[in-house]
Amino acid sequence: LTYVMSGIQAGGLKVFIVLLTDGVWSDKDKAIAQAQRAKNLGYEIFAIGLGGVDKAFLEKIATSKDLAVLTDPASLTKSFAGIGQRISDSVLNIKLS
């Protein structure tokens, strides 16, 4: 998240971050703090966990609990398709001034 946050320049655009993790973090508190920083900037974070990921941790990273998803390799395509649909719906609902 630190790397992603350092490279984003939204310029007024809606920003979506899709995070795929095995749940092994060297510093969970830092990850949660960076995710909160992104959320405060209005970025939407999807957190996908593979394997034995702590769902409660994913929920702290994601913008909302429903954006924290546990999956397995066989279902990964379906998970990404769902995210793509949600992003598409969100972008199409943006009102241009």
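Biologist: How many helices and strands does the chain have?

Modeller: This is a predicted model, and its chain has four helices and three strands. From the N terminus on, they run α-β-α-β-α-β-α.

Biologist: Thanks! What makes strand 1 and strand 2 a pair?

Modeller: Two strands pair when there are at least two bridges between them. Six bridges join strand 1 to strand 2 (residues 44–50), and the two run parallel. The pairing therefore meets the cut-off. As one example, Val18 has Phe46 as its bridge partner in strand 2.

Biologist: And why do strand 1 and strand 3 count as standing at the edges?

Modeller: The open sheet has the order 1-2-3, with parallel pairing. Strand 1 and strand 3 (68–71) each have a single partner strand, so one side of each is left without a neighbour in the sheet. On average, neighbouring strands are turned by 20° against each other, direction ignored.

Biologist: Which helix packs on this sheet, and which strands does the helix touch?

Modeller: That is helix 4 (residues 76–92), which touches strand 1, strand 2 and strand 3. The direction of helix 4 makes about 175° with that of strand 2.

Biologist: Why is Leu20 called partly exposed?

Modeller: Buried means under 20% relative accessible area and exposed means over 50%. Leu20, which lies in strand 1 (residues 16–21), has 40% relative accessibility, so Leu20 counts as partly exposed.

Technical notes
Residues numbered from 1 in each chain as written. Predicted model: local features only at pLDDT ≥ 70, side-chain atom pairs only at ≥ 80, totals over all residues. Heavy atoms only, no water. Buried < 20%, exposed > 50% of the residue type's maximum accessible area, 1.4 Å probe, protein only. Axes fitted to C-alpha atoms, helices over the stretch in contact; angles between N-to-C directions. Contact = heavy atoms within 4.5 Å.
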